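Student: Could you take me through a close look at the place where the ligand sits, and then go on to some other spots in the chain that deserve a careful reading? I would like one connected account that I can follow with the structure open.

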Amino acid sequence: MCGIVGYIGQRQASAICLAGLRRLEYRGYDSAGIVVVNAGRLDLHKVAGKLDSLARALERRPIAGQIGIGHTRWATHGKPSETNAHPHLSCNGRIAVVHNGIIENYQELRRQLQAAGHTFRSQTDTEVMAHLVEQHYAGDPREAVRRAVGELQGAFAFGVVCADNPGELIAVRRFSPLVVGLGDGENFIASDMGAIRAETDRVYVIGDDELCRITADRVEIIDLELRPVRHDVHVIPWPAEAAEKGGHKKFMHKEIHEQPVAMRACLAGRLSSADKPVTFEDIGLTADNIRRLRKVVFTACGTAYHAGVVGRFLMEKLARIPAETDIAAELRHRDPVVFEDTLCIVISQSGETADTLEALRTMKRKGARILGVINVVDSTIAREGDGVAYIQAGPEIGVASTKAYTLQILTIALLALHFAEVRGAASAEELRAIKAALLAAPAHAEELLRRESDVVAVARKHFQKTSALFLARGVNLASAMEGALKMKEISYIHAEAYSAGEMKHGPIALVCPDVFVVAVAPRGPTHDEMIGNIMEIKARSGPVIAVAFDGDTKVLQTGADDAAGPRDTTAQPNDMIWVPPTHEMVSPVTIAIPLQLLAYHVADLRGEHIDQPRNLAKTVTVK
Ligand code: M6R
């Protein structure tokens, strides 16, 4: 879960690597380093802590060289420290490597290399690669890397430079992402396209067990059996500014605000009118495949899993296909029943999450057809599925996923509608109502963003509390889960989500004035029961923030005795977050937005590192 970057050309490599690392910092930020090749030797800076420390070290002592590699780390083996920071060097200090991934057999290799006389400086798994390349080096770094990789088990993307070969940069991957950026008289490597988008819009997306020899003018790709590999040039479809903050204080804030535009892009070409059928690009499923589906399994991690929780409701309700949603990390620990004609919908923003990829492979082995709902084009999960529906969110840099979530739900809703239409499973009236709600979602999102100051006012009242409960029922249970995840991951307030129906079975014991309760209570089949829950919490002096549709007087009149008796205003929610009314099945899309803003502003008021929350990384490429 680290980021790697590399440069070869005529410019100063350290500046380009540092800029690339800044865009990769979301992948890990506990230590960082850059090495360049200069006048036949390696010149290195490594620091513990965030990239700013590396930038300061480079200012104090600049390193000059036109070929270099850099790394930002999320520690897996060995604590975050300068010694464990990458790049790692061979014993003779003439070979340097940066690595994203995990070498599973590193202990065995380390013992062998130590027995052969190599001295290790760090506790990392990565360092074995520097020594292995040294062991195999006989003048050709690519061949040494090829032989070294032959001994590795695990996942990796490596960048390698060698003081004795200052004209070449070597890169190789297995399971961890790697792209090669193509410039004029210069070339780049990176863990993702966003890291080098400011430099080029043309990349090769490197496949597993492919090895690249990169010079300033040429990129040569082979497989591990030395056979040449050809890739089409992929043109990055979004502008360089998409990976910048664009005037927002944090990427998370920018990405929350990008949702209306991103939603329109996601709907475009698929849904134009409530009276027209949904059309999909090729998603690897024929109409006959869709008609024969017997079961849909959603699988994903974190926020993407919550989108799958909504997906299950949509698939059952609209397409009338039995549906399940599984946490990807748990799926492989069960023995799921896969029928012929089971579809597994694998949801992932990055398309690189290790547990999600493992779940995909488990379901594929069992015979399920795989459909990815993915953001990052050409990512591993996108490529390993039988088909993919891209959510079209553009780059998401903030560690807390925001726009990807709402677009995952939109995409899944479109899929459910499409399946319903092909199977003739829902009434025209019902389909029209859902489509109208989806088409209105971008405008509703705009309206919710205009109301941001209302959410700030609520955040001001509660940001010093230490615990929160998020309650909801039905399809909005996902909203509670996602709201609580956002709150805990960036504000560090302990936040838990429960079905409000479970409240009396235990969680109600937590209710007290210090714990704020976010009650998601849109109009619909769960409304009355949610109002009952709000009253129960208020009766126990719990502060309630209710999320309800505009004009919902019933929520406000909570505690009023409908039949007789005085109105009990102390039973009203303490705070209201109003959202534009919409169809209940589409409401998780819009309800997500104020809950994202609530988490953001609570964290901001607490002065937390919103884009780089502690212990987290944007893309979890280890199991
Ligand atoms: O890239 P993915 O969608 O596969 O990532 C899944 C989770 O790691 C991710 O959603 C994570 O939970 C986010 N930090 C949530 O904000």
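Tutor: By class, the shell around the ligand is made up of five nonpolar, seven polar and two charged residues, and please keep in mind throughout that this is a predicted model. In all, 14 residues surround the ligand, and the closest of them are Ser348, Gln349, Ser350, Thr353 and Glu489. If you look for polar atoms that face each other, you will find an oxygen atom of the ligand 3.1 Å from a polar backbone atom of Thr303, and a nitrogen atom of the ligand 3.1 Å from a polar backbone atom of Val399. An oxygen atom of the ligand also lies 2.8 Å from a polar backbone atom of Ser401. The ligand has 410 Å² of accessible area on its own, and the protein covers 91% of it. Two elements, helix H9 (302-319) and helix H16 (477-491), are the ones that give two or more residues to this shell. Seen at the level of domains, the shell takes at least three residues from domain 2 (253-449) and at least three from domain 3 (452-605).

In helix H3, which covers residues 106-115, the buried residues are Tyr106, Leu109, Arg110 and Leu113. These residues lie on the same side of H3, because they cover an arc of only 100° around the axis. On the other side of H3 you will find Arg111 and Ala115, which are exposed.

Pro87 belongs to the loop between strand S4 (67-73) and strand S5 (88-89). Ser81 is found in that loop between S4 and S5 as well, and Ser81 counts as buried because its relative accessibility is 13%, where buried means under 20%.

Asp209 is a residue other than glycine with a positive phi, near 55°, and its place is in the loop between strand S11 (202-205) and strand S12 (210-214). With 26% relative accessibility, Asp209 counts as partly exposed. Ile206 is also found in the loop between S11 and S12, but Ile206 has 0% relative accessibility and therefore counts as buried. The C-alpha atoms of Ile206 and Ile16 are separated by 21 Å, while the two residues are 190 residues apart along the chain.

Ile196 and Arg369 are 173 residues apart in sequence, and from C-alpha to C-alpha they are 34 Å apart in space.

Asn615 has a positive phi too, of about 70°, although Asn615 is not a glycine. You will find Asn615 in the segment after helix H19 (587-605), and, since its relative accessibility is 64%, Asn615 counts as exposed.

A last stop is Gly424, which is found in the loop between helix H13 (403-423) and helix H14 (428-450). Gly424 is exposed, because its relative accessible area is 60% and exposed means over 50%. From C-alpha to C-alpha, Gly424 is 9.1 Å from Arg291 in space, although the two are 133 residues apart in sequence.

Terms used: Residues are numbered from 1 along each chain as its sequence is written. This is a predicted model: local features need pLDDT of at least 70, side-chain atom pairs count only at pLDDT 80 or more; totals for chains, interfaces and linings use all residues. Side-chain values use heavy atoms; hydrogens and water are left out. A residue is near a molecule or strand if one of its heavy atoms lies within 4 Å of it. A polar contact is a pair of N or O atoms within 3.5 Å; within protein, one must be able to donate a hydrogen and the other to accept it, and residues adjacent in sequence count only if both atoms are side-chain atoms. Accessible areas come from the Shrake-Rupley method with a 1.4 Å probe; for residues, only the protein chains shown count as cover. Helices (H or I, at least four residues) and strands (E, at least two) are DSSP runs, numbered from the N terminus. Ala, Val, Leu, Ile, Met, Phe, Trp, Tyr, Cys and Pro count as nonpolar, Asp, Glu, Lys and Arg as charged, and the others, Gly among them, as polar. Domain bounds come from an automatic or database domain assignment. Buried means under 20% relative accessible area, exposed over 50%, partly exposed in between (1.4 Å probe, protein chains only). The arc is that of the directions from the helix axis to the C-beta atoms.
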